[in-house]
Amino acid sequence: MPEGVDWAAVVKHAMDTYSLEIAGGLGPTAGMVWRVGIMGFNAKPQNVDLVLTAFQDGLKRQGKL
């Protein structure tokens, strides 16, 4: 997780704005990483672009990009 980033705010913004679910870490990685699953049917370029856009927008809202 980039220093100073409110990871939960990025996750909430992705859900509220893009209807995209991004998970936080589990156990010892909670609050330290994001978990994104783009596999199987969802493994399409437009879905990867959507995830990257959501991250970019969420980080810009916090002044981190």
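Where does Ser19 lie? Ser19 is in the loop between H1 and strand E1 (23-24), where helices (H or I, at least four residues) and strands (E, at least two) are DSSP runs, numbered from the N terminus. The structure is a predicted model, in which local features need pLDDT of at least 70 and side-chain atom pairs count only at pLDDT 80 or more, while totals for chains, interfaces and linings use all residues. Residues are numbered from 1 along each chain as its sequence is written, and side-chain values use heavy atoms, with hydrogens and water left out.

**Helix H1**

- H1 has 12 residues, running over residues 7-18, and reaches 16 Å from its first C-alpha to its last, close to the 16 Å expected at 1.5 Å a residue; the expected span of a helix is 1.5 Å times one less than its number of residues.
- Val10, Val11, His13 and Ala14 are the buried residues of H1, where buried means under 20% relative accessible area, exposed over 50%, and partly exposed in between (1.4 Å probe, protein chains only).
- Viewed down the axis of H1, its buried residues fall within an arc of 160 degrees, so they line one face of the helix; the arc is that of the directions from the helix axis to the C-beta atoms.
- The exposed residues Lys12 and Asp16 are carried on the face of H1 turned away from its buried side, whereas the cover over the buried residues of H1 includes E2 and H2.

**Helix H2**

- Helix H2 (residues 45-61) has 17 residues, which at 1.5 Å a residue should span 24 Å, and its end C-alpha atoms are 24 Å apart, which agrees.
- Val51, Ala54, Phe55, Gly58 and Leu59 are buried in H2, and because these buried residues fall within an arc of 125 degrees when seen down the axis of H2, they line one face of the helix.
- These buried residues of H2 pack against H1 and strand E2 (34-35), while the face of H2 turned away from its buried side carries the exposed residues Pro45, Leu52 and Arg61.
- After H2 comes Gly63, with a positive phi near 70 degrees.

**How H1 and H2 meet**

- Two packed helices are described by the angle between their axes and the distance between the axes.
- The axes of H1 and H2 come within 9 Å and cross at roughly 120 degrees; axes are lines fitted to C-alpha atoms, for helices over the stretch in contact, and angles run from 0 to 180 degrees between N-to-C directions.
- That angle makes H1 oblique to H2, given that angles under 35 degrees count as roughly parallel, over 145 as roughly antiparallel, 65 to 115 as roughly perpendicular and the rest as oblique.
- The crossing of H1 and H2 is right-handed; a crossing is left-handed if the near helix is turned anticlockwise from the far one by less than a right angle, and right-handed if clockwise.
- On the H1 side, Val10, His13, Ala14 and Tyr18 meet Leu50, Thr53, Ala54, Phe55, Asp57, Gly58, Leu59 and Arg61 in H2, contact being heavy atoms within 4.5 Å.

**Individual residues in the helices**

- Ala14, in helix H1, is buried, with a relative accessible area of 0%, and, leaving aside neighbours within four places in sequence, Ala14 is in contact with Ser19, Leu20, Ile22 and Ala54.
- His13, also placed in helix H1, counts as buried at 11% relative accessibility, and it touches Tyr18, Asp57, Gly58 and Arg61 when residues up to four places away in sequence are not counted.
- Gly58, in helix H2, counts as buried at 2% relative accessibility and touches Val10 and His13, again not counting residues up to four places away in sequence.
- Gly58 and Ala14 are 44 residues apart in sequence, and their C-alpha atoms are 7.1 Å apart in space.
- Asp49, found in helix H2, is partly exposed, with a relative accessible area of 46%, and its C-alpha is 25 Å from that of Thr29, 20 residues away in sequence.

- Ser19 has a positive phi of about 50 degrees although it is not a glycine, and at 64% relative accessibility Ser19 counts as exposed.
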